[in-house]
Amino acid sequence: MTKPAAGRGGRRYALLLALWDSEYAKEVYGGYYNVFVAAFGDVSGGTDERWDCFRVIAGEFPAPEDLASYDGFVVSGSPHDAHGDEPWIRRLCALVQTVHAMRKRVLGICFGHQVLCRALGGRVGRARNGWDVGVRKVTFAPDLLEGRLEFLGGLVEDDLPRSAALIEVHQDEVWEIPPAATVLAYSEKTRVEVFAVEELALGIQGHPEYTVDILHNLIDRLTNQRAIRRSVGEEARRTVAESGGLDRAFWTALCKGFLGGGGDRTQPALPVMRGTVAPEVTSCAVAGCGFTSAAAMIQLARSN
């Protein structure tokens, strides 16, 4: 079922929802459609745009003849496994392959990040370090980003933060990036937090669209469902308190810059975070986070 946002002119985007609305999301936000459009909408800075919603988890997909009319696609998170064999997941992977071949921009969030990886030839599976829930510092790899920032809305290296706080809620992860992909960022628990394929595909393991209240509700639900141990939930709450706040404005602006086509100066500027240029990645135990350098990070992601 298509649910267009107000405005029929300008750009057109397809939101592919791979989850059902929680009671909290419905009550507070009117559903996840509104959460995503509030975070990523108004891509063109005031130009009318249309967001069509397809509940892919229910088998709702854009018609093949309509794909060319979209400027970009956003694949949401999901409680399902991106490495699963449910028919709708296989169909979603096929859709991502199709629109990528059409050179359409695709933004994958959490499950969507993993689906994007799988569809384009990478491997995904259970996270080696278990559930990651809470707020994490995601660190950017400047040596891999050099000369590759234009597609993120004109971001320049001087504006790139060393790290940025992001909400994480996942038990799966990228094991091996697609052949043409580049790892852009990592965290202490997850070696592939952000990856890109040319200027066409951007995968983000965390949730730039989530707010802290949504995270707290998810922690409650996961704990009550015994999906995570109570201690994991308590630790997740501590990360919120200790993070000093989300860098949500940075992440949402980055996503808008990508969806807007990159390099378009009508895009909203990314929040400048001065004095935070990323250093050389230092070594740590492979059994822990698996990094020895930024170059080694991409090799591990490809050969793991």
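Tutor: Before we start, two strands count as paired if DSSP finds at least two bridges between them. Helices (H or I, at least four residues) and strands (E, at least two) are DSSP runs, numbered from the N terminus. This is a predicted model, where local features need pLDDT of at least 70 and side-chain atom pairs count only at pLDDT 80 or more, while totals for chains, interfaces and linings use all residues. Residues are numbered from 1 along each chain as its sequence is written, and side-chain values use heavy atoms, with hydrogens and water left out.

Student: Thanks! How many helices and strands does the protein chain have?

Tutor: There are nine helices and 11 strands. Of the 304 residues in the chain, 57% are buried, meaning under 20% relative accessible area, with exposed over 50% and partly exposed in between (1.4 Å probe, protein chains only).

Student: And in what order do the strands of the open sheet come?

Tutor: Nine strands form it, in the order S2-S1-S3-S4-S11-S10-S9-S6-S7, with mixed pairing. The edges are S2 (49-55) and S7 (163-170), each pairing on one side only. From one strand to the next, the twist averages 25°; axes are lines fitted to C-alpha atoms, for helices over the stretch in contact, and angles run from 0 to 180 degrees between N-to-C directions.

Student: Let's zoom in on S4. Is strand S4 mostly covered or mostly uncovered?

Tutor: Mostly covered: five of the five residues in S4 (105-109) are buried. Arg105, Leu107 and Ile109 point one way, Val106 and Gly108 the other.

Student: Which way does S3 run relative to S4, parallel or antiparallel?

Tutor: Parallel, with four bridges joining S3 (residues 72-75) to S4. Phe73 stands opposite Val106 there. Between the two strands, the chain passes through helix H3 (residues 87-101), and this β-α-β crossover is right-handed: with the strands pointing away from the viewer, the path from the first strand over the helix to the second runs clockwise.

Student: What about S4 and S11, parallel or antiparallel?

Tutor: S4 and S11 (residues 201-204) pair in the parallel sense too, over four bridges. Val106 turns up again here, standing opposite Ala201 in S11.

Student: Where does the antiparallel pairing of S6 come in?

Tutor: S6 (residues 132-140) is joined to S9 (residues 181-186) by two bridges, and those strands run antiparallel. Phe140 has Ala185 in S9 as its bridge partner.

Student: Which strands does helix H4 touch?

Tutor: H4 (residues 111-119) packs on the sheet and touches S3, S4, S10 (194-197) and S11. The direction of H4 makes about 130° with that of S4. A contact here is heavy atoms within 4.5 Å.

Student: What does Arg237 touch?

Tutor: His216, Ile219 and Asp220, not counting residues up to four places away in sequence. Arg237 sits in helix H7 (residues 230-243), and its C-alpha is 7.4 Å from that of His216, 21 residues apart along the chain.

Student: Why does Arg237 count as partly exposed?

Tutor: Because its relative accessibility is 31%.

Student: Last one: which residues have a positive phi although not a glycine?

Tutor: Arg103, at about 60°, and Glu198, at about 50°, are among them. Arg103 is in the loop between H3 and S4 and is partly exposed at 46%. Glu198 lies in the loop between S10 and S11 and is partly exposed as well, at 45%.
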